[in-house]
Amino acid sequence: MSKKTILSAAFVMCVLISAGSVSAAEGYPVFDFEQKTVRLNSGYDMPILGLGMFALSDSQAENSTYWALKAGFRLIDTARIYGNETGVGRGLRRAISEGIVTREEVFITTKMWTSDFGNGDAAVDASLSRLGVDYIDLMILHHSQPSNDVQAYQAMERAVAKGKLRSIGLSNFYEPEDFDRLVNQTTIRPALLQNETHPYHQSGVMKDHIARYGTVMESWFPLGGRGNTQTLFNDPTISSIAAAHGKSSAQVIIRWHLQAGNICIPGSSNEQHIIEDHDVWDFELSGEEMAEMTALERDRRFADY
Ligand SMILES: NC(=O)c1ccc[n+]([C@@H]2O[C@H](COP(=O)([O-])OP(=O)(O)OC[C@H]3O[C@@H](n4cnc5c(N)ncnc54)[C@H](OP(=O)(O)O)[C@@H]3O)[C@@H](O)[C@H]2O)c1
């Protein structure tokens, strides 16, 4: 492990502990800022910055995936319910055919939708087929659904054993008890929890809780979500930190996620924004700036689900 990685990890732990969100941080996965990855509890390395595909059409998803890979992103986040897995697959193949990436260099996440939970084995196969890949790097259950999410998770466990999925995890579990309900009835520890997380809703309680399983937090709506981004971009604390670094508010928020230990997947259908969102590796928020961002917490979610 490099000196920079150790410093980054110490910094993340320091920030988390000072934010009161992680008591001991014993199991919280360490971000490697040189490799731009984190080692999941499944043993696989996952990029810590990716591009999200929510609300994009199939053809927008194809272009955004291609532009993202061209800009240096190596993680793409889609879902069955977005209706654009096929476009993501096309964008991936376009980038591979142009020699920009190999399949092995790209980390693809998709999500199993709740209405498929009773038929999880088929749902995995259908996502593989729409994406046009032999394996999916990470599949997560899109939402908690106590009536049959354990059944769906067990289908993903079978797919891991068959080599169809590499890592598996959860999304939209907002109570520690709910997370434990599923973990206590299944075998593979969730590699990741994807919840709405941003400076106004920092997910401290869940992050603290999942650390004991070595599960990493991934932020959805990292910029506040479509229609809400100006609220965060124009926040005086965020915009003044941005001005101090000569960066945009979007870049400061993305950098905050990474330094706080959240995998970050901003969504975009705009090539210039995609390039900008990846250009966050040449500056660092100071401890004081991180503390100012932490102080923005107000337990405010932008989504109502
Ligand atoms: N698990 C879940 O239930 C769940 C729910 C929601 C989202 N997600 C995942 O999380 C990802 C991120 O969430 P999101 O896409 O909904 O919201 P978001 O990333 O918080 O915000 C997306 C918005 O930010 C804008 N944007 C991106 N980069 C920008 C930049 N540099 N400057 C100005 N505007 C910028 C985009 O507009 P442009 O298109 O014009 O760039 C879009 O309007 C999704 O794409 C999806 O993969 C998961």
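This is a predicted model: local features need pLDDT of at least 70, side-chain atom pairs count only at pLDDT 80 or more; totals for chains, interfaces and linings use all residues.

I began with strands S6 (residues 107-112) and S7 (residues 136-141), which pair in the parallel sense over 4 bridges. For pairing I used the rule that DSSP finds at least two bridges between the two strands. Strands (E, at least two residues) and helices (H or I, at least four) are DSSP runs, numbered from the N terminus.

Residues are numbered from 1 along each chain as its sequence is written.

Next I stepped back to the whole sheet. It is open, has 8 strands with parallel pairing, and its order is S4-S5-S6-S7-S8-S9-S10-S11. The edge strands are S4 (51-52) and S11 (262-264), each pairing on one side only.

What lies across S6, S7 and strand S8 (165-171)? I found helix H5 (residues 149-161) there, running at about 160° to S8. Axes are lines fitted to C-alpha atoms, for helices over the stretch in contact, and angles run from 0 to 180 degrees between N-to-C directions.

I then followed H5 to its neighbour, helix H4 (residues 120-131): their axes come within 8 Å and cross at roughly 55°. That makes H4 oblique to H5; angles under 35 degrees count as roughly parallel, over 145 as roughly antiparallel, 65 to 115 as roughly perpendicular and the rest as oblique. I listed the contact residues (C-beta atoms, placed from the backbone, within 7 Å). H4 brings Gly120, Asp121 and Val124, and H5 brings Gln151, Ala152, Ala155, Met156, Arg158 and Ala159. Sorted by class, that contact has 5 nonpolar, 2 polar and 2 charged residues. My classes: Ala, Val, Leu, Ile, Met, Phe, Trp, Tyr, Cys and Pro are nonpolar, Asp, Glu, Lys and Arg are charged, and the others, Gly among them, are polar.

Another helix pair came next. At what angle do helix H9 (residues 236-245) and helix H10 (residues 249-260) cross? I read roughly 100°, with the axes coming within 8 Å, and H9 and H10 are therefore roughly perpendicular to each other. The contact uses Ile238, Ser239, Ile241, Ala242 and His245 of H9 with Ser249, Val252 and Ile253 of H10. I noted 5 nonpolar, 3 polar and no charged residues in it.

Then I turned to the ligand. I found 27 residues around it, with Gly52, Phe54, Trp220, Gly267 and Ser268 the closest; a residue is near if its C-beta atom, placed from the backbone, lies within 6 Å. The shell has 9 nonpolar, 14 polar and 4 charged residues. Helix H11 (residues 271-278) gives the most to this shell, with 3 residues.

Ser64, Trp67, Ala68 and Ala71 of H2 meet Glu271, Ile274, Ile275 and His278 of H11. This contact has 5 nonpolar, 2 polar and 1 charged residues.

My last entry is the open sheet of 3 strands, ordered S1-S2-S3 with antiparallel pairing. Its edge strands are S1 (31-32) and S3 (45-47).

Notes: Two residues are in contact if their C-beta atoms, placed from the backbone, lie within 7 Å.
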